[in-house]
Amino acid sequence: MNHFELREGELYCEDVSLARIAEAVGTPVYVYSSATLERHYLVLRDALRDAGLGEPLIAFAVKANSNVAVLKTLGALGAGADVVSEGEVRRALAAGIAPERIVFSGVGKTAQEIAFALQAGVAEINVESEPELKLVDQVAQGLKTRARIAIRVNPDVEAGGHAKISTGKAENKFGVSFAEAERLYANASNAAGLKPVGVACHIGSQITDLAPMEAAFGKMRSLVERLRRQGLAVERLDLGGGLGVPYFNQPEPPSPAAYAAMIARVMAGLEIQFAFEPGRMIAANAGVLVARVQHVNARPEGRNFLVLDAAMNDLLRPAMYDAYHDIRPVRPRPGAAVTYDVVGPVCETGDTFTRDRALAPMQAGDLLAFMTAGAYGAAMSSEYNSRPLVPEVLVKGAAFAVVRPRQTYDEMLARERPAPWL
Ligand SMILES: *Cc1c(COP(=O)(O)O)cnc(C)c1O
């Protein structure tokens, strides 16, 4: 469920018409709904609570949507943050998220990033390999502290989604095997700079089937039990993110309630604090990308190109993952649907959002919205083709605020320096 709906023939975000935002801020522009962000977070929190999983740490995956206003909205409800870089640690802290609710994941954290996170006092560093474990130990000893760490396990399961976002197979770069995890956990408990507090997994993204998760989580439980039988303390079990969202033409993903019930079943009787790292399921349906039609280019060979002012640099998912986004006219015109190829202005064929899409008839100047663009949308945007970074707007009820202004060309150019010999 989300708060984007037609009212008197016009698409609204909560109580604000998208056309009004486009008028005020220009296009392309991302628009986020506070009510939808809040709802998704609370539905998950309550589902986990109702299933008897206690008060888990729900650490929003900042890489899905790193806008500080979005992080603040979720942080105010009690969300923590799952971060993968020093920049994301800084964003989470800037949003007022307590360091004890920040989990630091990622396969290639640098010594500087680790030091920054330890000094900030993050809840846990999820360690993904033996060399990284050694590095965290060294850095922590250098700072005369003990790093709270979790070992990220790669449960070796196939978890749907696109190949580029599948992370839980042995051939992927993430995490260590179960045998390795046991060895590293025991080593860590003897290391001067480390305090192992838990184990973690994250098997992929846009997962629409609970079976692979259930298989992985069962193995994680056994790991916790084996570690405890060796006399090792395990406080926390981090089950990652990855639950999918409906992108309109795809299988309906499992509900948070079904997800929570499955976990409660697999973990029955296990005393532990759970942690989760949801990204997409919180933010995806809470955002849209609004764009304007530049041209309707009807080719004599029969293809109808809808040329937009938004491009692959603003919304990369279709080019990167062949992703499908529902496209809705902001003010649908009456008349029979027309089949369009929807493209951006960037100089490569990859800048195609979709082909052969039936839409209400469109004219130059019309607005349309890419739905389900709140996760991995603005966060993956770039300035490719020297197009200024796309602005972001947050709506709350009848109010809206520009939470990332459109960058000016002067700002873009001011970041560069001439080489002395030029
Ligand atoms: C990307 C990522 C997530 C979030 O994945 P979603 O599919 O957006 O829920 C969680 N944990 C880690 C370690 C990640 O890399």
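# Exposed, bridged and joined: the terms explained

User: Why does Leu-422 count as exposed?

Analyst: Leu-422 has a relative accessibility of 80%. Exposed means over 50% relative accessible area, buried means under 20%, and partly exposed lies in between (1.4 Å probe, protein chains only). Since 80% is over the exposed limit, Leu-422 counts as exposed. Leu-422 is found in the segment after helix H12 (409–414), where helices (H or I, at least four residues) and strands (E, at least two) are DSSP runs numbered from the N terminus.

User: What should I know about the model itself?

Analyst: This is a predicted model, in which local features need pLDDT of at least 70 and side-chain atom pairs count only at pLDDT 80 or more, while totals for chains, interfaces and linings use all residues. Residues are numbered from 1 along each chain as its sequence is written, and side-chain values use heavy atoms, with hydrogens and water left out.

User: How far is Leu-422 from Ala-92 in space?

Analyst: From C-alpha to C-alpha, Leu-422 and Ala-92 are 40 Å apart. Along the sequence, 330 residues separate the pair.

User: What makes Glu-182 buried or exposed?

Analyst: The relative accessible area of Glu-182 is 19%. That value is under the limit for buried, so Glu-182 is buried. You can find Glu-182 in helix H7 (residues 178–189).

User: Which residues is Glu-182 in contact with, leaving aside its neighbours within four places in sequence?

Analyst: Those residues are Leu-223, Arg-226, Leu-227 and Gln-230, where contact means heavy atoms within 4.5 Å. With Arg-226, the side chain of Glu-182 also has a polar contact of 2.6 Å. A polar contact is a pair of N or O atoms within 3.5 Å; within protein, one must be able to donate a hydrogen and the other to accept it, and residues adjacent in sequence count only if both atoms are side-chain atoms. At 2.6 Å, the Glu-182 and Arg-226 pair is within that distance.

User: How do you know that Glu-86 forms a salt bridge with Arg-90?

Analyst: The closest N and O atoms of Glu-86 and Arg-90 are 2.8 Å apart. A salt bridge is a side-chain nitrogen of Lys or Arg within 4 Å of a carboxyl oxygen of Asp or Glu, so 2.8 Å meets the distance limit. Both residues lie in helix H4 (residues 86–94), four residues apart, about one turn of the helix. Glu-86 is buried at 10% relative accessibility, whereas Arg-90 is partly exposed at 46%.

User: Why does the pair of Lys-396 and Glu-38 tie together parts that lie apart in sequence?

Analyst: Lys-396 forms a salt bridge with Glu-38, and their closest N and O atoms are 3.5 Å apart. Lys-396 lies in strand E19 and Glu-38 in helix H2 (residues 34–50), so the pair ties together parts that are 358 residues apart in sequence. Lys-396 is exposed at 52% relative accessible area, and Glu-38 is partly exposed at 21%.

User: Where do the domains of the protein run?

Analyst: The domain assignment gives domain 1 (4–32 + 284–414) and domain 2 (34–280); such bounds come from an automatic or database domain assignment. Their centres, taken over C-alpha atoms, are 32 Å apart. Each domain brings 24 residues to the contact.

User: What is the area buried between domain 1 and domain 2?

Analyst: About 2,100 Å² is buried there, with carbon and sulfur atoms giving 54%. Buried area is the accessible area (1.4 Å probe) that two parts lose on being put together, summed over both. Of the area that domain 1 buries against domain 2, Tyr-321, Tyr-324 and Tyr-376 supply 30%, more than any other three residues.
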